[in-house]
Amino acid sequence: MANFYVRSTDGNNTDNGSTWALAKATLAGAFAACAAGDTVFVSKRHSEATGAMLTLASPGTLAAPVYVIGVDDTGNPQPPTVAQSGAVISSTSGWGLDLQGVAYCSNIEIVCDISGSNYAAFLGVGSHGSSTNNNYWLVENGALYQKSAHVGSFIKVGQAASTSARKQSALRLKNTPVRFVNASQKLELMGDFDWEGGTLNTTTVAPTALVAFGSVDNAAVGIARITGVDLSGLAIGNSLVALGGNPGGRAVFANCKLGSGVSITSGAYTSPIGPLVSVENCDSADTNYRAGWFFPAGSVLTETTLVRTGGASDGTTAISWKMDSNADADYPMVTVESPTISIWNDTVGSSKTVTVEILHDSATNMTDGEIWLEVQYLGTSGFPLSSFASDAKSSFIATAADQATSSETWTTTGMTSPNKQKLSVTFTPQEKGYLQANVYLAKASKTVYVDPKLTVA
Amino acid sequence: MASIISSNYTAGHPQQDGRRFIKESHLLDDGRSVDFEYLADEQINPAAVMTDRASRLSAELQAQDAIIAEASNGSMPLTHRQFRKRLSVAEQLIFDNFDVAEFATSNPKIAALSIEQRANVRTGLATYRDAQDIRLDDPDTQMLVGMLSAYGLLDSAERAGEILNG
């Protein structure tokens, strides 16, 4: 595998890039010369600005990416031994910047000045051009910055295909900040986006919604995984995910710092299949239990006031899950689904009963056609094959029956007719393994509090 | 243009740390509802938040309408490279080598054309090359693509539509 060198201060794309003395002037110049598996060293003093659509098409493959490394070139070491930031690669004068092919890129600041009439192209991976596919860039210890304040200048992963064949792209950021310059700018996803560590830079502006999913034909499904990112620049009036867009998308946030009053979602679902949004252990305050899960039929949020005595807690703060359904919820398929509650089971060959306690504000009991518990257990000897036990009514046409009443103690502050019930299923495991329980809420426009602490007897 | 016809919010009971869940909803005149739910501490005034958000939402709706209008009129300029990416490899070869004698002779699609048809294609390609940018709604672009399709120089009959509308 060969090494290539890029330095704008004295480089020239007519040179072969094999040494600092023969350095290329641009990364695109190096990509034109290098091959899969090669390494491109970029000087910390490098600064290139292209006043045209800047396509950085790496010849790398999944088996052999091209490695683009920002380095300290003091003394012209060959190869360099110290990775260092400082290099800037940008498009200017309103042009887009697209990352294509497969590459690992570290310690490089990538800046896009897309704007105005050129907004057909974006800053992104595989966001431009109809013939690229399987683009995958990992950007580490760098930066991804918008420069233009144009309202439609998104950071975009993937694009609508010009034919019926979908094109897939993925962008992964590690310890890399992202910046927008207009509140309407956002991450528009029609591919995979993974962001681990770093900060949403809001020194200029905070985006009204951080993530949105593309809403065009033939686009791939967008998926966002955002973990350990400081999103505290988002504040009251901002949201993490704008609903709508192509169905099937998913956004997962975990262990992120949020701004005070930021909403998780904004807008309304336009599809019965998503996007699904989950936010686990993310908050603006010093908590370790705030979570939320959002579905077309409603949401599940952590609750700390209406809780069961002796129920789930983080050791200090008692919690329950507030399951809220909207008018679309309906038995048996349009439901709000609780997160999975798992507990290890060592019992084989004898019956077990799993119970979940619930609370709601109505004198009328909830039935097994409105809320139920489903438990996966290993019910087949010799194989890790799940069986399912449920206390939902037995079939679509069966008459619904009330779920059992409960005598457990709950805090019921503010409730008019607190109603305590329990959901139980009994089954016989045939293998050791995890029992995985989910509560399903199918009654429209209903709020139910669920204690996520399983009782196994 | 969509606009907000009503906004409201409801505040939930206090959580253990004093914050409340606020559900905020803005109903649009096209029937859509733009909803938000957030945890508000005691310093946050939900009514003020709702009013401010309604104002920003209105501005965004206007901006989005402008983008949609700009995009839907088909007048976004493409670079030659952007336009080239709409073509298959075989179609690019014809674009690039139509005037190269050895290619034209060996390519059955070109060889089948009449002298007049070849002249039409040359003029169309010259216009394309002279253009600073390519607009898909430009009659010159549509004429060139349509002509290439009619002369069988594209990969299939559906390709003209894909190139111009895809």
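**Reading a two-chain model: a tutorial**

Tutor: B:Gln15 sits in the loop between strand 1 (4–14) and strand 2 of chain B. Keep in mind that this is a predicted model.

Student: Is B:Gln15 buried or exposed, and why?

Tutor: Buried means under 20% relative accessible area. B:Gln15 has a relative accessible area of 4%, so B:Gln15 is buried.

Student: Which residues is B:Gln15 in contact with, leaving aside neighbours within four places in sequence?

Tutor: From chain A, the contacts are A:Arg290, A:Thr302, A:Glu303, A:Thr304 and A:Thr305. From chain B, they are B:Phe21 and B:Leu39.

Student: Now a pocket. How do I read one?

Tutor: Rolling a probe the size of a water molecule over the atoms shows where empty space is left. In this model, the second largest pocket has a volume of about 1100 Å³.

Student: Which elements give two or more residues to the lining of the second largest pocket?

Tutor: Chain A gives strand 25 (263–267), strand 26 (276–280), strand 27 (291–295), strand 28 (298–303) and strand 29 (320–325). Chain B gives strand 2 (20–28) and strand 3 (33–40).

Student: How many residues line the second largest pocket, and which lie nearest its centre?

Tutor: The lining has 43 residues. Nearest the centre are A:Phe295, A:Ala297, A:Gly298, A:Ser299 and A:Asn326. By type, the lining holds 17 nonpolar, 16 polar and 10 charged residues.

Student: Next, a helix. What should I look for?

Tutor: An α-helix has 3.6 residues a turn, so residues three or four places apart point the same way. Take helix 3 (residues 89–97) of chain B: its buried residues are B:Glu91, B:Gln92, B:Ile94 and B:Phe95. Seen down the helix axis, they fall within an arc of 160°, so they line one face of the helix.

Student: What do the buried residues of helix 3 of chain B pack against?

Tutor: They pack against several helices of chain B, including helix 2 (80–84), helix 6 (115–130) and helix 7 (139–150).

Student: And chain A as a whole? How many helices and strands are there in chain A?

Tutor: Chain A has one helix and 39 strands. Of its 457 residues, 58% count as buried. Its C-alpha atoms fill a box of roughly 80 × 50 × 45 Å along the principal axes.

Student: Where is A:Gly214 found?

Tutor: A:Gly214 is in the loop between strand 19 (209–213) and strand 20 (223–227) of chain A. At 2% relative accessibility, A:Gly214 counts as buried. A:Pro247 is 33 residues from A:Gly214 in sequence, and 9.2 Å away in space, C-alpha to C-alpha.

Methods
Residues numbered from 1 in each chain as written. Chains lettered and ligands numbered in written order. Predicted model: local features only at pLDDT ≥ 70, side-chain atom pairs only at ≥ 80, totals over all residues. Heavy atoms only, no water. Helix = DSSP H or I, 4+ residues; strand = E, 2+ residues; numbered from the N terminus. Buried < 20%, exposed > 50% of the residue type's maximum accessible area, 1.4 Å probe, protein only. 1 Å grid on protein atoms, 1.4 Å probe; cavity = no way out; pocket = protein on both sides within 12 Å on 5 of 7 lines; lining within 4 Å. Points joined across faces, edges and corners; volume = space filled by probe spheres on them. Nonpolar A, V, L, I, M, F, W, Y, C, P; charged D, E, K, R; others polar. Arc of directions from axis to C-beta. Contact = heavy atoms within 4.5 Å.
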